[in-house]
Amino acid sequence: MKAKEIREMSADEIRQRIREEKVQLEHLEFQHAIADVQNPIQMRHARRLIARLMTILQQKESSAAESAA
């Protein structure tokens, strides 16, 4: 998911997507601990997507706070 697509989402949608991605990452990490994951790069992509989502959410919240002040 590209940053442009994330910026078009609402803050609630981003929060929901963060929760979903964290669950998926936990599942991948669990699978990796038990046996080999077919594509271990998926874990890296999931972590980076979560970070991207959280960064954009923080930007949205700070800009909303500035405009309200």
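Guide: The account below takes up the salt bridges and then the helix surroundings. The model is predicted, so that local features need pLDDT of at least 70 and side-chain atom pairs count only at pLDDT 80 or more, while totals for chains, interfaces and linings use all residues. Residues are numbered from 1 along each chain as its sequence is written, and side-chain values use heavy atoms, with hydrogens and water left out.

The structure holds three salt bridges, a salt bridge being a side-chain nitrogen of Lys or Arg within 4 Å of a carboxyl oxygen of Asp or Glu. Side chains of opposite charge can pair when their charged atoms come close.

R15 takes part in a network of salt bridges that links D12, R15 and E61. Between R15 and D12 the N to O distance is 2.9 Å. Both residues belong to helix α2, three residues apart, which is about one turn of the helix. Helices (H or I, at least four residues) are DSSP runs, numbered from the N terminus. Towards E61, the closest N and O atoms of the salt bridge with R15 are 2.7 Å apart. This pair links distant parts of the chain, with R15 in helix α2 and E61 in helix α3, 46 residues apart.

Accessibility is classed by relative accessible area: buried is under 20%, exposed is over 50%, and partly exposed lies in between (1.4 Å probe, protein chains only). On that scale D12, at 55%, is exposed, R15, at 30%, is partly exposed, and E61, at 39%, is partly exposed.

The side chains of E21 and R17 also meet in a salt bridge, at 3.1 Å from N to O. These two residues of helix α2 are separated by about one helical turn because they are four residues apart. E21 counts as buried because its relative accessibility is 8%, whereas R17 is partly exposed at 22%.

Helix α2 spans residues 11-34 and includes Q24, which is partly exposed at 43% relative accessibility.

Helix α3 itself (residues 41-68) has 28 residues and reaches 41 Å from its first C-alpha to its last, close to the 40 Å expected; the expected span is 1.5 Å times one less than the number of residues.
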